[in-house]
Amino acid sequence: MENQRLIELMDEVRKRKPLLHVITNRVAINDSANGALAVGASPIMAEAHEEVAEIAAISGALELNIGNLTPYSIESMRLSGRAANKAGVPIVLDPVGAGATDFRLQTVQKLLEELDVAIIRGNAGEIAALAGEKWAAKGVDAGDGNGDVTEMANRVALSWNTVVAVSGAVDTITDGRRTYHVKNGHPLFPYMTGSGCLNGVIQAAYAAVTSNALEASFAASTIYALAGQLAGEKCAGPGSFRQHLMDELYLMNEEKIQRYAAVEDVTGL
Amino acid sequence: MENQRLIELMDEVRKRKPLLHVITNRVAINDSANGALAVGASPIMAEAHEEVAEIAAISGALELNIGNLTPYSIESMRLSGRAANKAGVPIVLDPVGAGATDFRLQTVQKLLEELDVAIIRGNAGEIAALAGEKWAAKGVDAGDGNGDVTEMANRVALSWNTVVAVSGAVDTITDGRRTYHVKNGHPLFPYMTGSGCLNGVIQAAYAAVTSNALEASFAASTIYALAGQLAGEKCAGPGSFRQHLMDELYLMNEEKIQRYAAVEDVTGL
Amino acid sequence: MENQRLIELMDEVRKRKPLLHVITNRVAINDSANGALAVGASPIMAEAHEEVAEIAAISGALELNIGNLTPYSIESMRLSGRAANKAGVPIVLDPVGAGATDFRLQTVQKLLEELDVAIIRGNAGEIAALAGEKWAAKGVDAGDGNGDVTEMANRVALSWNTVVAVSGAVDTITDGRRTYHVKNGHPLFPYMTGSGCLNGVIQAAYAAVTSNALEASFAASTIYALAGQLAGEKCAGPGSFRQHLMDELYLMNEEKIQRYAAVEDVTGL
């Protein structure tokens with residue numbers, strides 16, 4: 001994918017200011033809303049059963065994050081998800097901690113069976129869980145494993161007919177046929193709680209402005225990783241990293257993308 | 001209203017450190033507590049039915065924000081609101097997203113029917129919904145509309161016998177008879193999620209130290225907008241804006257108010 | 001306790017990256033997770049009944065914070081607490097607002113009766129409530145009182161056979177026999193909402209790497225207070241204090257500890 005297309009999508013989000021319906025966990029909810037605003041979207045974090053279907057149906061995209069599941073929030077996700085599918089609104093699913101407990105993995109699998117999901121965004125441990133691979137996930141953190149991340153991501157993408165974005169030192173984005181790597185990023189990302197969750201919301205912002213989920217995910221992943229890289233160069237530690245990350249998402253521009261985006265089409269490699 | 005009175009109220013909040021009982025949404029809850037502390041108040045964000053009436057009755061003010069409604073939190077608001085009214089504790093109501101869904105608008109109207117509210121604080125889209133005006137609200141964001149904001153605010157204030165504070169590029173504060181404009185502020189405010197919600201909590205901090213809700217709302221609106229203006233001049237983007245906003249609320253002083261407060265009595269204009 | 005041991009424990013947390021299971025309030029949850037990451041731990045903020053026992057049993061420590069009680073979260077605490085006790089995982093309990101309402105005090109007492117708690121961390125008002133002393137607590141803030149904090153802390157420690165850490169201008173850490181004071185800190189701590197809650201999570205991070213709860217609590221208290229002191233020297237107000245605090249937790253090192261740690265063994269004084 002050309003940098004030029006990525007820049008067009010960035011501008012498109014800022015111009016259209018898509019409404020994003022986000023159901024997410026209590027840890028990441030504030031940063032997720034701020035990050036969505038920073039790239040130009042308009043987030044609404046609604047969970048009440050009385051209104052989620054109504055909101056999902058008029059949104060540009062719906063983001064479902066399973067970081068703090070309750071029976072209530074699972075039902076919120078099902079109600080909003082079905083309304084989104086019916087209205088043609090793309091869904092991004094973030095399977096937080098799917099490798100940590102059976103309960104989370106089963107919930108994700110049920111959501112995937114019931115809903116048509118455009119993009120799944122997770123870390124290696126979460127995608128490994130969805131691929132049925134053994135992986136030493138550590139709670140909600142990625143942990144370590146020996147599996148081939150690209151191969152696992154391709155498999156999950158084909159199984160569920162979706163795009164898979166795996167965050168890590170190198171991000172992998174694939175629809176199971178075409179695969180990209182994004183090499184931007186920063187080692188402080190894992191020190192910011194909910195930085196993966198925010199990535200999922202950025203994916204939703206881009207999915208709202210193009211019907212091509214693969215290019216949406218590629219653009220979101222690149223812009224987010226690059227903002228983090230630039231933030232990391234300016235900060236003193238994880239506290240200031242977060243603040244600079246929000247600033248850099250807001251300040252992202254054509255010149256920075258042309259100059260620093262480090263992406264690669266690795267299809268078939 | 002004179003700057004001198006505004007300064008007296010600022011000092012009064014810092015001296016009395018009023019206990020604020022705040023029931024608010026999960027997105028804004030952390031910033032709301034930090035902002036309340038920054039102006040000198042002592043917030044408690046309690047929602048348990050077993051304790052809300054007890055806490056509301058001993059608080060300086062109660063703030064009710066409908067950003068994340070659940071059946072449980074609606075009941076928390078009713079229980080605390082009735083206890084506040086009985087004890088003469090002023091209530092500030094923030095009708096977040098009242099223009100977004102019927103469920104929210106109905107909940108706000110029921111609260112207004114049941115409780116005696118001192119100040120309603122919202123954006124133009126939310127106040128338009130309460131005034132029964134058409135308005136292109138966008139989720140929880142203000143959106144655009146052609147209605148006359150001052151006229152709508154006056155109408156809502158008179159209907160519910162309350163003060164109405166409308167946040168925007170220019171803030172409007174009115175009790176339906178006397179009306180002020182606050183022209184301080186900064187374009188980054190809408191990029192900070194929950195910045196309107198925090199405004200509501202600041203209104204409560206000032207309502208706790210004077211029985212004149214109009215002057216409380218005017219003082220809170222001016223100090224908050226001015227802190228944002230000063231923060232905006234120092235920051236690089238929305239991430240650093242938030243941090244500077246908290247600093248500026250804490251650092252607000254007589255000199256800055258005398259020098260920069262840009263307010264106007266527009267009664268009858 | 002020697003600075004050398006404190007440094008060893010700091011390194012041990014960074015090396016082992018213990019999984020921390022944290023059940024806490026909505027206000028402090030984001031800062032608590034970020035602070036845990038900043039000292040090198042791996043937090044998971046899980047509350048679902050289906051998974052809390054499973055997670056607690058494999059964690060390095062469990063932290064229970066009663067800041068936002070609901071019937072659901074109380075049951076989460078009981079389920080995770082019993083699993084932690086069974087698996088020998090240390091529990092840190094933060095009795096937020098125990099002096100504010102009867103409901104909170106009773107909940108804390110029930111948890112203490114049912115669970116074996118390694119460390120109780122609170123402010124003076126909360127520890128006074130547990131000690132049955134009169135104290136002018138103000139909501140969740142410490143308030144003022146005339147009781148002898150060290151004596152109260154000793155009494156609570158002996159009653160429940162636990163370590164008690166009392167945060168304040170000077171921190172007191174005791175198991176009822178041996179008592180330490182930590183004199184590091186900064187006046188901006190009370191202006192950061194959830195700064196006490198984060199202290200509790202840091203206690204858990206250290207409790208995960210030593211079976212000696214007294215030294216864990218001493219090390220956590222010292223490092224946290226010192227990070228705040230260094231942050232306070234760099235910041236302009238409470239907004240920037242928070243950011244610098246996270247940075248300083250991450251940047252803490254042997255040299256700073258050797259140079260600035262201001263601790264005292266006050267046993268029997």
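Me: What should I know about the model and its numbering before I start?
Reply: The model is predicted, so local features need pLDDT of at least 70 and side-chain atom pairs count only at pLDDT 80 or more, while totals for chains, interfaces and linings use all residues. Residues are numbered from 1 along each chain as its sequence is written, chains are lettered from A and ligands numbered from 1 in the order in which they are written, and side-chain values use heavy atoms, with hydrogens and water left out.

Me: What rotation superposes chain A on chain B?
Reply: A rotation of 120°, with 0.0 Å of shift along its axis and RMSD 0.0 Å.

Me: What surfaces do the copies use?
Reply: Contact means heavy atoms within 4.5 Å. Chains A and B use different surfaces: 13% of the contact residues of chain A recur in chain B.

Me: How many residues of chain A are in contact with chain B?
Reply: 30 residues of chain A meet 27 residues of chain B. Next, look at buried area, the accessible area (1.4 Å probe) that two parts lose on being put together, summed over both. Chains A and B bury about 2400 Å² between them, with 54% of it on carbon and sulfur atoms. On the chain A side, A:Asn30, A:Leu37 and A:Tyr250 lose the most area to chain B, together 21% of what that side buries.

Me: How many salt bridges cross the interface of chain A and chain B?
Reply: First the rule: a side-chain nitrogen of Lys or Arg lies within 4 Å of a carboxyl oxygen of Asp or Glu. It finds 2 across this interface. A:Glu51 forms a salt bridge with B:Arg104, with the closest N and O atoms 2.7 Å apart.

Me: Which elements of chain A touch chain B?
Reply: Helices (H or I, at least four residues) and strands (E, at least two) are DSSP runs, numbered from the N terminus. Two or more residues each come from α2 (29-39), β2 (42-44), α3 (52-58) and α10 (238-251) of chain A. α2(A) gives the largest share, 7 residues. By type, this side has 15 nonpolar residues (Ala, Val, Leu, Ile, Met, Phe, Trp, Tyr, Cys and Pro), 10 charged (Asp, Glu, Lys and Arg) and 5 polar (the others, Gly among them).

Me: What does the side of chain A that touches chain C hold?
Reply: The contact takes 27 residues from chain A and 30 from chain C. The buried area is about 2400 Å². There are 2 salt bridges between chain A and chain C. A:Arg26 forms a salt bridge with C:Glu47, the closest N and O atoms being 3.0 Å apart. α5 (102-114) and α10 of chain A each supply at least two residues to this side. α10(A) gives the most, with 5 residues. The side divides into 12 nonpolar, 8 polar and 7 charged residues.

Me: Where does the salt bridge of A:Arg121 and A:Asp94 lie?
Reply: The closest N and O atoms of the two residues are 3.2 Å apart. A:Arg121 is in strand β5 (residues 119-123) of chain A and A:Asp94 in strand β4 (residues 91-94) of chain A, so the pair links distant parts of the chain, 27 residues apart. Over all chains, the count of salt bridges is 51.

Conventions. Copies are superposed by least squares on the C-alpha atoms of residues with pLDDT of at least 70 in both.
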